[in-house]
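User: I am new to reading protein models, and I would like to learn how to look at a few features one at a time. Could you take me through them slowly?

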Amino acid sequence: MKGILNLRCGPMRLAALALTVTVLAGTAACSAEYKGPQVTPTAGSQPNSSESGTGTPESTTPATGSAAGSPSAAPGETTGAGGSSSASPGPSPVATAVPWKTYTDAAKTVSFELPQEWIAQSVTPEAGALAHAVKVEVKDAEGRYIATLHTGLPTAAPVSCPAGQARPYVVISSVPLDIPHSDGQDTIDPRVVFRVVQGYKFFGSYGITNMVAGVDGQSCELRNRVQGPAGKGDISFGDVPAIHAFAADEKVAPAKAFDTLDLAAKYAVHGSEFANVQRMLLSLKVNL
């Protein structure tokens, strides 16, 4: 058990949603293992079941031995000491893409599965990245952007969150991910998550993280970032590096914007795009 024991538990109120099953519900719960809001596991959760890629350098090869469905939500992505909330996501979306392939970088430091028709392309890492850094952009068959994988990122500075600036957020999906990471007071076990923060709309983003997002269900910024082992740099894999409550004049894409929390939940629970993305993110293997 890695989380900090939470001896204090404050109630939180979240908007109730009308789906076939209740996707998100206001609760007051106290977690002894995790640091804040979490989601409830459902039958069939299976973190990171795919095998490492065995293709040639900078290649994509057919994937084998992969589960046909996408793992469902499991407990854990959290926000810090204080109250906690839970969500019961109902039936897990099923990945619709057939067949799948495996991408492996030239140095064989990363591999992940993606639908056969999607495109994974190695690009130049960000300025300031470590010497061994890898950056890969993923697009769908029509060339639409899906996600970026980046390793060897320099350690990120703590999020600045002035009093009164934090906004409510909800973890709609959270599934364990097994990759190298560092532990600390402000970290959790790595997760593949889909989270929504409330602004003038509900802004959603998917990615991997092991960073505590905020306190008492509120945050200034939700980072899709895993703190890597000492000296190895951080790892990011998602649609955007981070989301916040965007202003009306800010560019939101490629993050998602929803008019209601109900629509955001339906995207994660019933959407085939998210199901395929979730399976891809869960298949990530990193060899540092």
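Analyst: What follows goes through a disulfide, a helix and some backbone angles. This is a predicted model, in which local features need pLDDT of at least 70 and side-chain atom pairs count only at pLDDT 80 or more, while totals for chains, interfaces and linings use all residues. Residues are numbered from 1 along each chain as its sequence is written, and side-chain values use heavy atoms, with hydrogens and water left out.

User: How many disulfides does a search of the whole structure find?

Analyst: A disulfide is a pair of cysteine sulfur atoms within 2.5 Å. The search of the whole structure finds one, and it joins Cys161 to Cys220, with an S to S distance of 2.0 Å. Because the torsion about the S-S bond of Cys161 and Cys220 is about 75°, this disulfide is right-handed. Cys161 lies in the loop between β6 (145-153) and β7, and Cys220 in the loop between β10 and β11 (222-223), so the pair ties together parts that are 59 residues apart in sequence. The strands named here (E, at least two residues) and the helices (H or I, at least four) are DSSP runs, numbered from the N terminus.

User: Are Cys161 and Cys220 buried or exposed?

Analyst: Buried means under 20% relative accessible area, exposed means over 50%, and partly exposed lies in between, using a 1.4 Å probe and protein chains only. Cys161, at 38% relative accessibility, therefore counts as partly exposed, whereas Cys220, at 16%, counts as buried.

User: How many of the 10 residues of helix α1 are buried, and what covers them?

Analyst: Seven of the 10 residues of α1 (residues 261-270) are buried, so this helix is largely enclosed by the rest of the structure. Among the buried residues are Leu261, Tyr267 and Val269. What covers the buried residues of α1 includes β7 (167-176), β8 (187-198), β9, β14 and α2 (272-282).

User: Which residues other than glycine have a positive phi?

Analyst: Lys108 is one of them, with phi near 55°, and Lys108 lies in the loop between β2 (100-104) and β3 (110-115). Asp216 also has a phi near 55°, and Asp216 lies in the loop between β9 (202-211) and β10 (218-219). Lys108 is partly exposed at 41% relative accessibility, and Asp216 is partly exposed at 36%.

User: Where is there a cis peptide bond?

Analyst: A cis peptide bond joins Ala253 and Pro254, with omega about 10°. Pro254 lies in the loop between β13 (242-243) and β14 (256-258).

Notes. Contact = heavy atoms within 4.5 Å.
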